[in-house]
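These are my notebook entries on a set of local features that I looked up one after another. The structure under study is shown first.

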Amino acid sequence: MVLGCFVVGGVLLAKGYQFPSSNHALEIPTILALLDPALYVRDFFVQEMLQFTPRTYYFHGIALLAGTGLGITGTYALTYVVAVGTMLAGLYALARHVAPSRIVGLIFIFWTLTVSVGLIGHGSLRPSMLSSSLHPGVIAMSLSTWGLVFSIRRSWVKAYALFGAACLLQFLVGVLPALLVGPLLVFDVWRRRRWARGLTAAGLLALGALLVYLPMVLQGTTATGLFTSREFVEIYGHWRHPHHMVPSAWPRATWMHLVLFYAGGVLCVLRSRTLTTALRAGLLTVIGLTSVGLLANYLFVEVWPSALIVKLQFARMTPFAVLAVLLGVAALFYEQWRAGRYALCTLLLVVPVSHLPGLLLGAYAVLLPYLERIAPRLWTPRRRFLVLGLAVLLYRWPLFDPPVYWIQAFLNGPLVLGVLLTPLLVQRWVARQWRTITVAGLTLSIAGGLVIALSGVLPAQTDRLVQEHLTIRGVWQDDAAPLARRFANRSPKDALVLVPTDVQHFRLLSRRAVVVDFKAFPFTEGGIAEWVERMRTVQACADRPPACLLAVARRYDADYILTRRERPLPESVVVDREGTWALWKVSATPRATP
């Protein structure tokens, strides 16, 4: 238990934690409205999200815990720690099934947390398998990780029960891994003639999916026919979520690294001598189906638009393909470790987190027979330091970036590895009677570091750097943030504010309703139609006189207008300023249509 707390705490300290993050600007207002129905009564987005949506179970679960006295900040932190701990334990169990070695299990966790290739459609040049903030996908991924563990163990009922439970939190993170291992379920059920177990497993997944989809159909918030497939793909994919759904919006370099990484992973899986035939087939199936899914995503988003395919977001299969690749690499690592070829282990440790992981994985797999022959000559007392130096150089250091990125690279790589390997080092080098005390002391040190980092007691300049990595005070540093916080104390709860569509945190920080913003995209089809209409209306005022904003505010009965413009708004008075921002109170006059 103490070791687990140390590892989870160390990972959090190294990887970072952010609250509230940009995604929380969408989640927390709905949760606040559940806790206090007097909030956001005039906010169309929050009111749409209070209907049944794929996030309903998550919202109500967080609200339930927050209502017990934990508060939203405490609930998010506690839930995140539990989800991360569950995911790390699942990753360890997954690796131990492939390679019965503790060091391989810990290194597999290191690869999973640090690798940034093979993932696509995540809106980041360096995506990560573990988000630094809580969202439904983090909890769902922790459940699906254990679903994969039970899939490898062929405990299909447990596996698909977990996939079904994940559907309740993040629908796709439950459905997609179940589809990826589906062929293995079918083959195993057919071969062992256990039809009842297969049907039960499929039924549990279907139950989880129906508990999300069926209420929305009965409520009339999906499958309404408001949009054609082409219109829906244009709005949902190309306009709002190109970073998640539109292949042509993803950088070519990301595509190149993905193809090379999957190809190198396939070669590693084929080269391994310890993988069973069934497990090798399973890993190749996951990688292959992910590749097919990405092709289907391109065809049915870019060529023949399909609303169903854009909703399924096949790019979300890529984390599971990455896990399949890394399991193949873990099998190779275990074989070399067991044979005592530590030079090859040292190099393979860094290859998945290097600048060219796919290319180096492929080269490693192809050249493995030759490397095994020369391995003893590479680990002599003199040459082992050259091997260690080469491994350090191979790591993905930000060669031409400012020093802050070097610090991040160290935290996300070497420090994470050090934290994960500390239990093994303690067991090897510390006497038995001192191990518990040593680990407890290290755990308390980690906890103290987290408290100091989050408390804001550090010097101002240091605190600003730390807050970019660890914060419970929000990620927004612009002038509109303090203005929004003051507005929460100076305005009635039912106030409605017209904000620029790119200001996405005013709703959360002010605890007040806004007319529309770009990020707050509803999950109901009626809400989507309303979002489109409001976005077009507000954006139409971008290059028009200030009177246009006043007309839009009156169209939606907004009481206030937030603007960057220094020109005065007619029939309005400034009630607060911060930097270049001004908040205007609209006079009570009849509505107008812009």
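**Entry 1: a loop serine.** I began with the contacts of Ser306. Leaving aside residues up to four places away in sequence, I found that Ser306 touches Ser229, Val233 and Phe300. I note here that the model is a predicted one. I then located Ser306 in the chain: the residue belongs to the loop between helix 14 (277–303) and helix 15 (307–312).

**Entry 2: a helix pair.** Next I turned to helix packing. Two packed helices are described by the angle between their axes and the distance between the axes, and I looked up both values. For helix 16 (residues 318–338) and helix 18 (residues 357–378), the angle is about 15° and the axes are 12 Å apart. Angles under 35 degrees count as roughly parallel, so I recorded helix 16 and helix 18 as roughly parallel to each other. Their crossing is left-handed.

I then listed the residues at this contact. Helix 16 contributes Val325, Val329, Leu332 and Gln336, which meet Leu361, Tyr364, Leu368 and Glu372 of helix 18. By class, the residues of this contact comprise six nonpolar, one polar and one charged.

Entry 3: In what order do the five strands of the open sheet run? I read the order as 4-3-5-7-6, with mixed pairing. Strand 4 (513–514) and strand 6 are the edge strands, each pairing on one side only.

I examined two of the pairings on strand 7. Strand 5 (residues 560–563) pairs with strand 7 in the antiparallel sense over four bridges, and Leu562 stands opposite Leu583 of strand 7. Strand 6 (residues 572–578) also pairs with strand 7 (residues 581–586) in the antiparallel sense, over six bridges. Here I found Val574 opposite Trp584 of strand 7.

Strand 6 and strand 7 form a hairpin with two residues between the strands. Which residue of this hairpin takes a positive phi? I noted Gly579, with a value near 60°.

**Entry 4: a helix on the sheet.** Finally, I checked what helix 26 (residues 546–555) lies across. I recorded strand 3 (496–498), strand 5, strand 6 and strand 7. Relative to strand 5, helix 26 runs at about 140°.

Notes. Residues are numbered from 1 along each chain as its sequence is written. This is a predicted model: local features need pLDDT of at least 70, side-chain atom pairs count only at pLDDT 80 or more; totals for chains, interfaces and linings use all residues. Side-chain values use heavy atoms; hydrogens and water are left out. Two strands pair if DSSP finds at least two bridges between them. Axes are lines fitted to C-alpha atoms, for helices over the stretch in contact, and angles run from 0 to 180 degrees between N-to-C directions. Angles under 35 degrees count as roughly parallel, over 145 as roughly antiparallel, 65 to 115 as roughly perpendicular and the rest as oblique. A crossing is left-handed if the near helix is turned anticlockwise from the far one by less than a right angle, and right-handed if clockwise. Contact means heavy atoms within 4.5 Å. Ala, Val, Leu, Ile, Met, Phe, Trp, Tyr, Cys and Pro count as nonpolar, Asp, Glu, Lys and Arg as charged, and the others, Gly among them, as polar.
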